[in-house]
Each structure stands twice: as C-alpha cells, then as structure tokens.
Amino acid sequence: MYLVVRSASAQAEPIRVLVTGAAGQIAYSLLFSIAKGDVFGKDQPIILVLLDIPPMLPVLDGVVMELQDCALPLLREVIPTDKVEVGFKNLDAAILVGSMPRKEGMERKDLLKANVAIFKSQGAALEKYAKKTVKVLVVGNPANTNCLIASKSAPSIPKENFSCLTRLDHNRASAQVAMRVGVSTGDVKNVIIWGNHSSTQYPDVNHALINLDGEEVCAYDAVKDDSWLKGNFITTVQQRGAEVIKARKLSSAMSAAKAICDHMRDIWFGTSDGEFVSMGVYSTGNSYGVPDDLMYSFPVMIKNKSWKVVDGLSINDFSRAKMDATAAELIEERDTALAFLGQCLDPSNPPHSQL
C-alpha cells in the first residue's frame, strides 16, 4: 500500500476507484484527472486501485511514484496490484480499461474468445469482492460485448450499473459538427451514437442542436449539407480510431481518457436539463426496436446516478437501417461470445492485458 497525501479539509469518506490496465497508455492519460477531482468532485477524496498483469508491475511502480509526486490533496492512497482480491475489494467505481488487443492475423472470433475469458473473470471478481452499488465502465474492446459478459458474470450487481464507452465517439461527432459550422463544441448538444463501438456505429445528428448567436438551431439546418451529414461525417466518426492509429502509430489515449472522465462524471453528477449523452447500456424493453440482451449505445439522461434511455425520438428510414445494422453486429458478437462463455478460465486466476 502506498500512502500519498492527506487533506485535513476534506470531510467526505474516500471512494475506492479501480482502473485496470493501469500501466497502459490510456490509464496514464486518465489517472491524473481522476486523482485531482475532475471526475468525482473537487471535495471527494479518492483511493486509487491500479490493477495490471505481473510483468507490468515495475511500470506501475513508476506510475505510483508520479502520482505521489503530483502531491494531489484528494488522493488518499494508491494501491498497485496484480491480485483481483485486492483490486476489486469494496469498489465504488470500476473502470475496466485492460483487455486483449487485436493482434495482426488474429480473427475477430479469437479476439472475442480471449476477452470473454478476461471479462468473465473480472465480472466474477466484481460479484465476489465489490460493493453491489459499484458503477462499472468497460473501455477495453470489443467494449459492448465485454461489458455484457462482465455483467452476466456478476448476477447480483444490477445490469443498470454496467455501461461501456461510446462517449469518445459522441465527442468525435460533436467536434466534427462544431468544426463544420465554425462553433465551439460547447455549442453542440444531443448528438447520438447508436449501437456498437465499432465501424458499424451510427453517429446521428437528426436531434442535435447547435447554438448559433444565442439561438438553438437543428444541426441539419446549421450545417446545410445533407450529403456530408449522411456520408463523410458518419464515416469520419466511424473510422476515427483507425485514422489516429495510422497517424500516431498508437491508439487513442488522450481523447479516450477525456471521454472516460466525461462518462463517469455524468454518471456521478447527472446530465444537464434538456441534454443527453451516448452510453452503451443494457437494452431491455426499449422503444426503438433494439433487441433485448445487448449492450447497445443509446441517448441517455442521467439523474441520481441512474440512466434512462431518451424515449420518443423520431427515427427515419435512413437511421433505422443504420441502427439495425449495428444491432445485427452486436447480436453476432454476443452469440459468439456466449458460445465461448463456458470455456473460460478459472475466475480465481483471471488473465489481464493492457489495452
């Protein structure tokens, strides 16, 4: 256990926050923001639990040293570990960044099989050690299906407590529209990411609003380029991750960390009135015809740490086709993953991997 800095002025009890894949590049961009209070509040003390595989523990020690050297008043403890019984104990929040990345020549079914083992084990660890109120965010890809497997492996934790990250795609879509119109991203609200965090996702601006000179205008009216909104805009958002890898030779880290912070902060503090955000959540009884038993990205509003799918939005034929296509991919992923579920490793010895 590594003690950091105690603040006499902080009155709240510390919350316990886990980050897996904690020696990886996304975590390196993420941990400072959590520890300084950008996510859970400026008066909320934090115990950070950093989990990674044994070969990464020396790197993790360096991360701990840097967190200590930041001298952050809210950071009460940093606990680096490779043991699930330590990592998942009494958690208030779990950010599951670590997963098996896709390697050259690896088929998608092989990627799914490896990640089913990881997230079955992590779900079992949540079930055994974490608080039943824990809020779980799955980042490691394929995030939607990994999240579904984790939730199924923790049956006593409500499925509503699990979500997966599509906020990065949401932020990308907002930024693309803002740049096109020439406004700040703060002037764009209510874009939607439907479906899977993959190249089949559907970035939808049919219900988005843009603040132009103090007046809220529909995105289609502000952009005035339907062919771009139905074409290059969608493909740019869908393929942005691949473009970042092509340019950086590494996957998105800074923007992914920012999206994680946005997602968890909204869970903790709620969304603003009249605004919704995109999250991968459990589909059951939704009004959009999305099949049940998927982790599917919807527009949601959040209050009192509970999300609710925004109902009643009109769906045109173009949107329906896109929403159905990404749902079909998620069904295929789910069915493949469930076929592997019984073949997983012993939950007491879970494999973890960096993202």
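A search through the whole structure turns up six aromatic pairs, where rings of Phe, Tyr and Trp (its six-membered ring) pair if their centres lie within 6.5 Å. In one of them, the ring centres of W194 and Y288 sit 5.0 Å apart with the planes at 70°, so this pair is edge-to-face (planes over 60 degrees apart; under 30 degrees counts as stacked, and the rest as tilted). W194 belongs to strand β9 (residues 192-194) and Y288 to the loop between β13 (277-282) and β14 (295-303), so the pair ties together parts that are 94 residues apart in sequence.

Some housekeeping: this is a predicted model, so local features need pLDDT of at least 70 and side-chain atom pairs count only at pLDDT 80 or more, while totals for chains, interfaces and linings use all residues. Residues are numbered from 1 along each chain as its sequence is written, and side-chain values use heavy atoms, with hydrogens and water left out. Helices (H or I, at least four residues) and strands (E, at least two) are DSSP runs, numbered from the N terminus.

Now for helix α1 (residues 25-35), which packs on helix α10 (residues 254-269) and on helix α2 (residues 57-69). Axes are lines fitted to C-alpha atoms over the stretch in contact, and angles run from 0 to 180 degrees between N-to-C directions.

| Helix pair | Angle | Axis separation |
|---|---|---|
| α1 and α10 | about 40° | 8 Å |
| α1 and α2 | about 35° | 11 Å |

From α1 come I26, S29, L30 and S33, and from α10 come M254, A256, A257, I260 and C261, with contact meaning heavy atoms within 4.5 Å. By class, that contact has seven nonpolar, two polar and no charged residues (Ala, Val, Leu, Ile, Met, Phe, Trp, Tyr, Cys and Pro are nonpolar, Asp, Glu, Lys and Arg charged, the others, Gly among them, polar).

The crossing of α1 and α2 is right-handed too. Here Y28, L31 and A35 of α1 touch V63, E66 and L67 of α2, giving five nonpolar, no polar and one charged residues.

Finally, there's an open sheet of three strands, ordered β8-β11-β12 with antiparallel pairing (two strands pair if DSSP finds at least two bridges between them). β8 (188-189) and β12 (215-218) are the edge strands, each pairing on one side only. Two antiparallel bridges join β8 to β11 (residues 209-212), and V188 stands opposite I210 in β11.

Methods: Left-handed = near helix turned anticlockwise from the far one by under 90°.
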